[in-house]
Amino acid sequence: MPVADSPSSASTTDRPKLAARAPGSPAGDKRANGSGSVRLRGKTWTARLSLGEAGRSTFSLPTCRTEQEANARLEVLADLAGRLLAAGQIVLGLPLLERAAAREGSALRDVRLAIEQLCRGEARARASGETTFAEFADLVVSGRLAEQYPLHVKALRHPEQYRHKLNHVLGVLGPVPLSRLTLDHADRAISMLPGHLEDSSRQGVAKVIHRILALATYPARIIASNPLPRGWIPKAEDNKAKGSLYPDEDRRLMAAVNIPLSYRIYYGFLIREGMRADEAGRLEPSDLDLERGAVVLDENKTDDPRAWALSPDVVRALRIYFAICPPKERVFIGPSGPLPGRSGAHNFRNHLRRAGIDRPELFETTQSRLNIRLHDTRATFITIKLANGRTETWISDRTGHKSSRQIHHYKRAARKVAELGLGDFAPLDEAIPELNGRGGRLGGSDPMSAGPEAGSPSPSNDASLVRALHHRAPGAVDDHAGQPAAGAPVAAGGPLGPRWVTPASDPATNQTEHIEIIGISSASAASSQKSWRGF
């Protein structure tokens, strides 16, 4: 709302004093502009005013409880209408009169100020009185509202998710002006959601509706208050059991050389660090400091920047992996580009099956259980780390959880893992065969292609395997193309990106080390596989 001077500063000349129709006057008499009457309709008082070229309009008075209060509000409306008529702004000011009829206190004062500005020609009437829900929702989703109010509104990180939820309700709410949108409209929109939607999805749609109306209240100030009461957002039962991997299943997944190496290093990182999948998918080389073993995550779901020390085995694994496949615009790049965040569940389940992991509860969805998703790598991390004695603070530093209650859900599963003595995850640099020279072609095959059973020896009886060294210089075989990666910007064991300032090192320590090519006979390969399965 534009800022205006105090009403007392405005001139009162040429303002006709317009009064309500005197009680007892004939109802059929022609009323002067600005005159009106009150009437009780059901349990709500209404005021009817003659407004010149705007015709006769009826205004609801929801805050009035008696006829005396209704007549007092009618006098206020008649005074405001007289000012608008004198200024020739009655048509543009009609939405403001509707808001004046329904507001009290400071909200009514804001309407008076707006009318004063309109009458003085210092502002034009906003179209806010007739702005529809669909129009304002587009203002929010497009980011234009964030540009208009940068101190109070943040641009949406995933606007397409808002659009998807809004598409369910725009047929009901879209054409309704915000000033006339009521609780009944919102209830009807929620009741007409498709029957197949889960409770959590219905809750998500309701949250978006509530957020749109909250922004229309402030900072946009299109409506006086949010018509949705506290507690309107429906509750969603979140007590379905979620899948998580056991440490031995993680080892089988990491050892499955028929799955692309890029995917396994990605899964292994998620399982051992607890990062959200979409956060890891957006991770850039400059976010990592592999010389010191740290990660900084400035942009995330909760807008709460966090940093922590990576597990030493993860640091070693990433050093070797970057020597094999130097990082590009993202840390984790798959055969077809950056690895997926939220959309990777299908591939994840297929890769688990390909690794020979077939525990039924991981792949079934019932009324009490969800099949495993890529997001459940976080559940795996929390469960196993709790079972191995890590504190909630240590865990939340990595996961970004805001409360102990969110982590508490995993404690029962963690107690089971501890009682069974299932242990912790294998070191990532040892769990992935390509990173410790135990075998397999680099990079695996296409993500969905068939391959040998997980853990089986290479078809060649005398396979030549690359033992990637911790401090190997760039220029190694690319993960997918099998060609030298030209222009690789990062040396293994060195800092990644401009974020990290590193003191100059002794050139003698940066000498390129030779790649050790080792030949393994069929007997030694079988022995190696046997010892690995028993790890």
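This report walks through one predicted protein model, from the whole chain to single residues.

## Ground rules

The model is predicted, so local features need pLDDT of at least 70, side-chain atom pairs count only at pLDDT 80 or more, and totals for chains, interfaces and linings use all residues. Residues are numbered from 1 along each chain as its sequence is written, and side-chain values use heavy atoms, with hydrogens and water left out.

## The whole chain

The protein chain holds 21 helices and ten strands. Helices (H or I, at least four residues) and strands (E, at least two) are DSSP runs, numbered from the N terminus. The chain has 535 residues, and 46% of them are buried. Buried means under 20% relative accessible area, exposed means over 50%, and partly exposed lies in between (1.4 Å probe, protein chains only).

A contact means heavy atoms within 4.5 Å. Take the contacts in the chain with a separation of 6 or more: residues 24 or more positions apart account for 68% of them.

## The cores

In soluble globular proteins, nonpolar side chains tend to be buried together. A nonpolar core here is a set of buried Ala, Val, Leu, Ile, Met, Phe, Trp, Tyr and Cys residues joined through side-chain atoms within 4.5 Å.

Which residues touch the most other members of the largest nonpolar core? They are L253 and F332, out of 62 residues in that core. Another core lies apart from the largest one and has 35 residues, among them V141, A146, A186 and L213.

Now look at F332 itself. Leaving aside neighbours within four places in sequence, F332 is in contact with I265, Y266, F269, A280, L283, L318, P338 and L339.

## The second largest pocket

Rolling a probe the size of a water molecule over the atoms shows where empty space is left. The search uses a 1 Å grid over the protein atoms alone. A cavity is a set of points where a 1.4 Å probe fits but cannot get out, while a pocket is an open set with protein on both sides within 12 Å along at least five of seven lines. Lining residues have an atom within 4 Å of a point.

The second largest pocket has a volume of about 590 Å³. That volume is the space filled by probe spheres set on the points, which are joined across faces, edges and corners. The lining has 21 residues, and P62, E98, A102, S179 and R180 lie nearest the pocket centre. Two elements give two or more residues to this lining: β3 (56-61) and α2 (90-102). Helix α2 gives the most, with five residues.

The lining divides into eleven nonpolar, six polar and four charged residues. Ala, Val, Leu, Ile, Met, Phe, Trp, Tyr, Cys and Pro count as nonpolar, Asp, Glu, Lys and Arg as charged, and the others, Gly among them, as polar.

Strand β3 includes S60. S60 counts as partly exposed because its relative accessibility is 38%. Beyond four places in sequence, S60 touches T44, W45, T46, A101 and A102.

## Helix α3

Helix α3 (residues 105-120) has 16 residues. From first C-alpha to last, α3 reaches 23 Å, close to the 22 Å expected at 1.5 Å a residue. The expected span is 1.5 Å times one less than the number of residues.

The buried residues of α3 are L108, V111, L113, A114, I115, E116, Q117 and L118. Their cover includes α1 (67-87) and α2. Just after α3, G121 takes a positive phi of about 80°.

## The loop between α9 and α10

Most residues other than glycine have a negative phi, and most peptide bonds are trans. P219 lies in the loop between α9 (199-217) and α10 (247-255). A cis peptide bond joins Y218 and P219, with omega about 15°. R221 is in the loop between α9 and α10, and its phi is near 60°, a positive value in a residue other than glycine. R221 counts as partly exposed because its relative accessibility is 35%.

K240 also sits in the loop between α9 and α10. Not counting residues up to four places away, K240 touches E198, T366, Q367, S368, R369 and L370.

## Pairs across the sequence

| Pair | Apart in sequence | C-alpha to C-alpha |
|---|---|---|
| P229 and H210 | 19 residues | 9.5 Å |
| K240 and Q367 | 127 residues | 7.4 Å |
| S60 and R41 | 19 residues | 9.4 Å |
| G421 and N388 | 33 residues | 9.4 Å |
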